[in-house]
Amino acid sequence: MSRVSSRQAALIIGLVIGLALGLVYTWGIAPVELVNTYPALLRTDYRWDWIRLVALSYVTDGDLERARARLDGLEQEDVAGAIQALIEEHAAAGRPAGTLRRLTALAEALDVYTPAMLVYLHTPTSAPPAPASTSSPTLTSTILPPTPTPTLPRASTSTPSPTPTTKPTRTPRPLTPTPTPLSPFQLIQQEQICEPGQTPHIEVVVRDERGTGLDGVVVWLMWPGGADRAVTGLKPQGGAGYADFDAEPGVSYALGIGELGMPLVTDLRIESCPARKGKEPLLGSWRIVVKRRSPETEM
Amino acid sequence: MSKRARKWVVRAVPGAVLGLALGFAIGWWLWPVQYTNTAPSVLRQDYRDDYIVMVAAAYEVEEDLGQARERLELLDSEEPAALVVELAERLVEAGGSTEDITHLARLAWALGATTSTLVPYLEGPP
């Protein structure tokens, strides 16, 4: 009995030593080589930048299937976060409405929503161009997004392989192929208001072609991470066509009017009023006056 | 070494060999080192190509050359422009998308590197 135990003990100790040496070698000395990785393994900031690049590429080519293929294998949470951040950043920076519409269309197709894109949803827009076409029949190939087939050896059971992003089942909203229209409103006055005791705010007055205050117009105020909506005429004390928003210093606002929602004013910030001798420094508010274009000036 | 100890070692050797084989199987196949937080420089070649194409497309939208250069430097910090030119020429040769080539040609031009093959793509819209 004791002879058998001794033999078993030798085998077990040998096995443990061998296993330990094997793992030290394969994990420490010669681990699986780090090549041929794929986007899902990128560091978070690079992964988000990959998603941003996908979205910006979509702005140029309008190819939804290509965008989906490029995002394949990435977590929906990452996709949503990166695209939301991109839209908010572009909205706050006052990027062209066409770019924002494309980004919004992509976000909607991917089931990503953020307040900053509300203005650009379901507004008249031009259709994205057809997927990259070639000018010559001989030029037919394009760089297809790689398929997410990792070449790293992966555990079959203990390590989950990257799961493809769930494909939204929503059918993309058909886009009306009309040229991008001009905003029906134009900015005619932007004035800083410096009144003691006032809370910083942004006043908007919407007028018609003849200069009469226009009630019932939707006004959007957007900022990084959010948006607010007001309708003119709900505060009669401000006069016809009046609406206002509370505002905070240090935030870059963009203002859009009406259903079209193209920002008319961008990078609007609550700033200090010019210093007055012997007076407390004041934070100024803004008064924005816009006027509806007459039909003949519209495109 | 005493006879008994030698005998013990001889008995342990098969176990050690088995253990070593098991360790290799686990470490390289069953449960290999899992890399996360990688950089674009170790992306598979097709992903690298797609990354460069997307950087060029993003440059069309953002018009931020510094940003485009920074992104390319993640692939090759020495000669980021060469990556763009090389890919564009490869696409021209392979009959790739005119739009992609045009974006690449424009970015290469902005980075101060282009070739005669790419010049035709610099003229007019994609």
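This is a predicted model: local features need pLDDT of at least 70, side-chain atom pairs count only at pLDDT 80 or more; totals for chains, interfaces and linings use all residues.
**Exercise 1. Describe the helices and strands of chain A and chain B.**

Solution. Step 1: count the elements. Chain A has five helices and eight strands. Chain B has five helices and zero strands.

Step 1: read the order along the sequence. Chain A follows α-α-α-α-α-β-β-β-β-β-β-β-β. For chain B the pattern is α-α-α-α-α.

Step 2: note the burial. Chain A has 299 residues, of which 44% count as buried. In chain B, with 126 residues, buried residues make up 44%.

Step 3: consider the contacts. In chain A, residues 24 or more positions apart account for 69% of the contacts with a separation of 6 or more. In chain B, 52% of the contacts between residues at least 6 apart in sequence join residues at least 24 apart.

Step 4: The accessible surface of chain A is about 15200 Å², and 56% of it belongs to carbon and sulfur atoms. Chain B exposes about 6400 Å², with 59% supplied by carbon and sulfur atoms.

**Exercise 2. Explain why α3(A) is described as largely enclosed, and state what covers its buried residues.**

Solution. Step 1: count the buried residues. Six of the eight residues of α3(A) are buried, so the helix is largely enclosed by the rest of the structure.

Step 1: name them. The buried residues of α3(A) are A:Leu64, A:Arg66, A:Ala67, A:Arg68, A:Arg70 and A:Leu71.

Step 2: find the cover. From chain A, the cover includes α2, α4 and α5 (97–109). From chain B, α2 (45–62) and α5 are included.

**Exercise 3. Find what the salt bridge of A:Arg66 joins.**

Solution. Step 1: identify the partner. The side chains of A:Arg66 and B:Asp100 meet in a salt bridge, at 2.7 Å from N to O.

Step 1: locate both ends. B:Asp100 lies in helix α5 (residues 98–110) of chain B and A:Arg66 in helix α3 (residues 64–71) of chain A, so the pair joins two chains.

Step 2: check the burial. B:Asp100 and A:Arg66 are both buried.

**Exercise 4. Work through two further salt bridges, A:Glu89 with A:Arg52 and B:Glu86 with B:Arg90.**

Solution. Side chains of opposite charge can pair when their charged atoms come close.

Step 1: take the pair in chain A. A:Glu89 and A:Arg52 meet through their side chains at 3.1 Å, N to O. A:Glu89 belongs to helix α4 (residues 76–92) and A:Arg52 to helix α2 (residues 44–61), so the pair ties together parts that are 37 residues apart in sequence. A:Glu89 is partly exposed at 41% relative accessibility, whereas A:Arg52 is buried at 13%.

Step 2: take the pair in chain B. The B:Glu86 and B:Arg90 side chains form a salt bridge of 2.8 Å, N to O. Both residues lie in helix α4 (residues 80–94) of chain B, and because they are four residues apart, they are separated by about one helical turn. B:Glu86 is partly exposed at 39%, and B:Arg90 is partly exposed at 34%.

Step 3: look for shared partners. Salt bridges that share partners join A:Asp49, A:Arg52, A:Glu89, B:Glu62 and B:Arg71 into one network.

Step 4: Over all chains, the count comes to 18 salt bridges.

**Exercise 5. State which residues gather in the patch of positive charge, and which helix gives the most to it.**

Solution. Step 1: name the members. A:Arg7, B:Lys3, B:Arg6 and B:Lys7 gather in this patch on the surface.

Step 1: assign the main contributor. Helix α1 (residues 3–30) of chain B gives the most, with three residues.

Step 2: examine one member. B:Lys7 is in helix α1 of chain B and counts as partly exposed at 47% relative accessibility.

Conventions. Residues are numbered from 1 along each chain as its sequence is written. Chains are lettered from A and ligands numbered from 1 in the order in which they are written. Side-chain values use heavy atoms; hydrogens and water are left out. A salt bridge is a side-chain nitrogen of Lys or Arg within 4 Å of a carboxyl oxygen of Asp or Glu. Buried means under 20% relative accessible area, exposed over 50%, partly exposed in between (1.4 Å probe, protein chains only). Contact means heavy atoms within 4.5 Å. Accessible areas come from the Shrake-Rupley method with a 1.4 Å probe; for residues, only the protein chains shown count as cover. Patches are made of residues with over 30% relative accessible area and no salt bridge: like charges are joined within 9 Å, nonpolar side chains (Val, Leu, Ile, Met, Phe, Trp, Tyr) within 5 Å. Lys and Arg count as positive and Asp and Glu as negative; His and the chain ends are not counted. The place of a charge is taken as NZ of Lys, CZ of Arg, CG of Asp or CD of Glu.
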